[in-house]
Amino acid sequence: MSSSTPPAAHGTLVRRRPRRRPTPSTALSWTALIVLLVITVFPFLWMLRTAFTANSDIFSGSMSLVPPDPTAINFSRVLGLATPEEAAAAGGSGQNVDFFLYLRNSLVFTGVVVTCQVGFSALAAYAFSRLRFTGRDVIFTVFLAGMMVPPIFAVLPNFVLMRNLGWIDTFAGLVAPYLLMTPFAIFFLRQFFLGIPREIEEAALLDGAGRFRVLTRIILPMASGPMATLAIIQAVTAWNEYLWPQLVGRDPSVRLLNVAVATFAQSSPSTSPDWSGLMAAASLQVVPMLLLLIVFGRKIVDSLGFSGVK
Amino acid sequence: MTNTTVTVRPPDARRAPERRDRPPGRRRRRSSDGPTAALYLLPAVVGFVVFYAWPMIRGVGISLTDWNLLTEARWVGLDNYADLFQDPLFWNALRVTAVYVVVNITTQMALGLTIALLMQRLSIGLAARSAILLPWLIPNVTIAIVTLFMLDPNVGFVNHVLEFVGARTQSFYGSSDLAIVTVALVNTWRNMGYTALLFYAGIQTISPSVYEAAALDGASYLRTFRSVTLPLLRPITALVLVVSMIGSFQIFDTVAVATSGGPGNSTRVIYYYIYQKAFEQFDMGYGAAMAVVLFAIIFTFSLVQLRALRATESDGN
């Protein structure tokens with residue numbers, strides 16, 4: 001992994017300069033970086049601020065990051081916990097938006113998709129990295145070419161397929177295209193499996209262990225780091241899905257948070273949008289990812305470098 | 001998968017161990033691996049055939065019909081493609097997409113590289129590197145809504161700031177001149193941290209001894225950047241370019257949520273136009289024909305760039 005590069009790799013140039021007296025160019029670099037960081041993070045702070053502000057206070061023009069009159073009404077509104085009267089008074093449409101349900105749908109969708117993707121991809125990656133069979137490299141290349149197909153190209157016929165199967169607005173239709181085959185995941189795991197020494201596995205095979213036992217008892221534990229990394233990347237991707245879920249999962253019972261938030265935004269009156277409610281809904285999307293970043297920060301940051309470069 | 005997924009293909013060098021790991025004496029297992037392999041590959045092969053291969057063939061088939069989901073499909077040959085080339089909205093979609101891709105890719109690459117260099121120069125810790133990645137983890141839909149609010153002509157924070165410094169306020173998403181650039185820059189903002197991390201990882205692979213040699217020769221920082229960092233980063237740059245470009249062509253979510261292709265046709269990118277034709281007007285044949293053309297464009301771009309990547313790799317190492 002790229003993280004194993006010694007820190008000397010990036011310190012060499014900087015260390016030559018005495019620490020105590022920052023040169024003008026170092027000061028300039030710090031300024032630039034801080035400005036970029038502020039631009040990156042500030043909109044989310046402002047989003048949270050607005051989510052805790054009543055709609056009537058948004059127009060006050062205050063630029064303070066602390067809400068003038070903090071309230072949790074927007075969250076109880078979008079989570080369907082407020083009474084219609086309360087919701088209407090806070091500037092919403094008055095109807096309940098049950099984001100609890102959509103949040104749960106999204107968590108289940110992401111969980112199922114990631115579990116299946118990692119599992120099936122591990123099987124395929126093991127076959128491609130360890131087993132010998134005719135046409136292996138050809139099949140692998142064809143699989144990789146799958147990465148180049150723009151999703152919209154497959155979305156049309158896939159939609160038709162789901163329609164013929166009667167799977168529109170069902171959970172099965174929602175997850176089906178994601179479960180079995182993910183070119184990137186297979187490719188990613190194969191690279192790691194290839195890096196695991198064969199000797200350990202050979203010994204186990206000589207002792208009479210089957211291939212499946214070798215895979216589950218030796219390979220997978222050794223690749224648990226990369227597997228977790230892959231799971232995180234795929235979870236972020238699944239959480240971000242929009243085109244397909246809004247085509248086959250419009251019914252509230254299977255609606256994902258992403259689709260619900262977009263629908264909520266589109267149904268908000270354009271003359272006086274329910275900004276507080278929208279920002280509260282958006283916060284529901286941001287907070288899980290924020291937690292993911294706080295808990296798995298190092299893994300995410302390092303693995304992205306890996307997936308791109310090595 | 002929507003744009004900017006992490007489907008990055010590493011340089012060919014990584015495949016080398018596989019060949020080395022194949023001692024000739026182990027051929028005896030060949031016969032026994034076949035059935036096991038078939039079993040392990042079964043889910044992936046079924047998934048590939050049902051959701052990748054067959055849809056592609058089916059997509060080409062649909063593009064040769066006038067199918068509208070309701071009535072029986074009728075074979076129309078290449079009529080959809082002929083119509084396509086006469087359709088001003090199709091050319092508009094290509095033009096808008098091109099503007100988007102150019103603005104998005106250039107700013108994203110430039111800012112990504114700048115941030116990576118800053119991170120390296122200032123030996124930035126994990127917290128800052130994570131913070132810069134945050135927008136990339138947030139769904140495009142949410143980004144669209146948050147930026148709609150930030151850029152709102154009346155209550156948006158950005159316009160407050162513009163007013164504060166005495167500049168004219170702008171209706172970013174709502175102006176046909178600015179809308180597509182706004183969409184492009186919003187996605188640049190979302191993805192620049194991710195691009196920066198790719199560049200950063202690339203910079204880490206450059207040997208410190210090269211920098212020491214440059215420092216001994218008395219090279220300035222800028223000189224070192226131009227003559228050492230940039231040339232050695234060329235393979236990474238090419239790689240990031242290919243990946244970003246493929247993702248960039250697939251811009252959809254932001255447009256669907258923030259502008260719905262408007263105002264006028266100013267943000268009706270090709271992805272969105274295909275979507276509207278197929279799923280709003282149910283002109284499946286026409287939508288499929290456009291998807292085929294888009295695929296051809298992306299495929300050509302990828303091939304050209306991968307070739308360039310291979311070329312830079314050989315003289316970069």
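Two residues are taken to be in contact if their C-beta atoms, placed from the backbone, lie within 7 Å. By that criterion A:Leu189 touches A:Ser121, A:Ala122, A:Ala125, A:Ala223, A:Pro226 and A:Leu230, leaving aside residues up to four places away in sequence.

The model is predicted: local features need pLDDT of at least 70 and side-chain atom pairs count only at pLDDT 80 or more, while totals for chains, interfaces and linings use all residues. Residues are numbered from 1 along each chain as its sequence is written, and chains are lettered from A and ligands numbered from 1 in the order in which they are written.

A:Leu189 also belongs to the largest nonpolar core, which has 166 residues. Such a core is a set of buried Ala, Val, Leu, Ile, Met, Phe, Trp, Tyr and Cys residues joined through C-beta atoms within 7 Å. A residue is buried if 20 or more other C-beta atoms, placed from the backbone, lie within 10 Å of its own. The members that touch the most others are A:Ala124, A:Leu189, A:Val261, B:Ile145, B:Val269 and B:Ile274. Helix α8 (residues 179-204) of chain B gives the most to this core, 15 residues. Because domain 1 (2-89) and domain 2 (99-267) of chain A both give residues to this core, it lies between them; the domain bounds come from an automatic or database domain assignment.

Chain B has 14 helices and zero strands, where helices (H or I, at least four residues) and strands (E, at least two) are DSSP runs numbered from the N terminus. Of its 317 residues, 44% count as buried. Among contacts in chain B with a separation of 6 or more, 74% are between residues 24 or more positions apart.

In helix α13 (residues 270-280) of chain B, eight of the 11 residues are buried, so this helix is largely enclosed by the rest of the structure. B:Ile274 is one of those buried residues. B:Phe282, which follows α13(B), has a positive phi, near 55°.

The contact between the chains takes 91 residues from chain A and 93 residues from chain B. Helix α2 (residues 30-62) of chain B supplies the largest share of the chain B side, 19 residues.

An unreviewed UniProt entry lists residues including 131-151 and 232-252 of chain B under "transmembrane region"; such annotations may be inferred rather than shown by experiment. The table describes these two ranges.

| Residues of chain B | Helix | Strand | Distance between end C-alpha atoms |
|---|---|---|---|
| 131-151 | 86% helix | 0% strand | 22 Å |
| 232-252 | 81% helix | 0% strand | 34 Å |

Key:
Buried ≥ 20, exposed ≤ 12 C-beta atoms within 10 Å, placed from the backbone.
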